Amino acid sequence: MLKFLKGVVGGTGGGIKDLPYNIGEPYSTSWGSWVHHRGTSKEDGSAVSIFSLSGNNAQDGHLAAGRNGVKRLRTVRHPNILSFLHSTEVEVVDGSVVKPTIYIVTEPVMPLSEKIKELGLEGTQRDEYYSWGLHQIAKAVSFLNNDCKLVHGNVCVASVVVTSTLDWKLHAFDVLSEFDGNSESSTGPMLSLLPDYQRLLSSTPSRRLNPSKLDNSEYFQNKLVETIQFMEVLNLKDSVEKDTFFRKLPNLAEQLPRQIVLKKVLPTIIKLFASNDRAIRVSLLQHIDQFGASFTAQVVDEQVYPHVASGFSDTSAFLRELTLKSMLVLAPKLSQRSISGSLLKYLSKLQVDEEPAIRTNTTILLGNIANYLNDGTRKRVLINAFTVRALRDTFSPARAAGGVSKICKCGKLEEKFQDEKERNPFGSTWGTRI
């Protein structure tokens, strides 16, 4: 027999003893008799979701099913299944009545029905988002059926929630049970996917469509699903496929729902900067001017630049040069601490690089980012860079770059550099013709 924890702290937004989370306002919808609350961690304030289920007594049938849901959610882990964090069962005083209540704490999510209203997508963008979400739920159901030998028993809109990155996740495991292929009673609503709906719900279990087969459905063949799927396995693609993908991505992103691009596509790209795959790093740097403008200053300073900066010291001259070029996009969004404490140190080393073109381009870059330096740093760094180093370089274009930068006072070379980029946007000597 479960021993119920007592001593509930009353009041709105309150907490429960032994529950290290604050319970916030509820959403208007949830699955079954559960109530879905917003919540935060008492330790660090991070967002969570808290689901509560109350019964009239400890033997209440709803509570029995709820306990099954807790047990199943705690043990079943999959990217498309709601992530479990914590659970407890307590006695809650509701007026003069004491009600046993189950609490489940999960990653922060929102009911699917409410998220759909919030997004307000229409037409093709709405249809593609639906297909992507159903694709994720199909993978969750396939995992339960094929890998865990379990049947969910109640896949519906209410049993799906949406994360902050707009991913759909399956939950509501109260009636989840072992799959018995010989039992005619192992039925329940499955996915609402038009051509395959009847096959999924066949009264004969052995004739039901395997959810893993849904991946081949024409319903999932669209830009959004294909884009996200490609990004998920990007490290398995060859360099040509990666380059083609990043080249097409800017135009493709304009056709996708903006909310998806901001919360799903861009965060994935940001994570790719931490990759050790050289082909991915090259592709990102070659096309950074096309999507880098969408990065916030905080993201660039804390998540992108620390990984990109490793390219300054790479053994490949090509990668060092791409890293240098990327600073035209990234440097304006860097904090003074990153510029003074990191970037300028790397540029100082590149001014004596063994590659003449890199030395030249470093001088040009210093001119272009001069306006982002504070007065003291600008005077100290640029005078040394343009005179002591650039004007004494044995490579004539490097000397010319230093001379022009010095004359232009703090290197206002944006127009000249842009002309050079247009003549030779991907060449290995983009700063040599001044």
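By class, eight nonpolar, seven polar and six charged residues make up the lining of the largest pocket. Here Ala, Val, Leu, Ile, Met, Phe, Trp, Tyr, Cys and Pro count as nonpolar, Asp, Glu, Lys and Arg as charged, and the others, Gly among them, as polar.

The model is predicted, so to read it: local features need pLDDT of at least 70, side-chain atom pairs count only at pLDDT 80 or more, and totals for chains, interfaces and linings use all residues. Residues are numbered from 1 along each chain as its sequence is written, and side-chain values use heavy atoms, with hydrogens and water left out.

The largest pocket has a volume of about 520 Å³. Of its 21 lining residues, Asp167, Glu232, Lys264, Thr268 and Lys271 are the closest to its centre. Lining residues have an atom within 4 Å of a point on a 1 Å grid over the protein atoms alone, and a pocket is an open set of points where a 1.4 Å probe fits, with protein on both sides within 12 Å along at least five of seven lines. The volume is the space filled by probe spheres set on the points. α7 gives the most to this lining, with eight residues.

Now to the strands (DSSP runs of E, at least two residues; helices are H or I, at least four), which pair if DSSP finds at least two bridges between them.

| Pair | Sense | Bridges |
|---|---|---|
| β1 (residues 21-26) and β2 (residues 35-41) | antiparallel | four |
| β2 and β3 (residues 47-54) | antiparallel | six |

Tyr21 stands opposite Ser41 in β2, while Val35 has Ser52 in β3 as its bridge partner.
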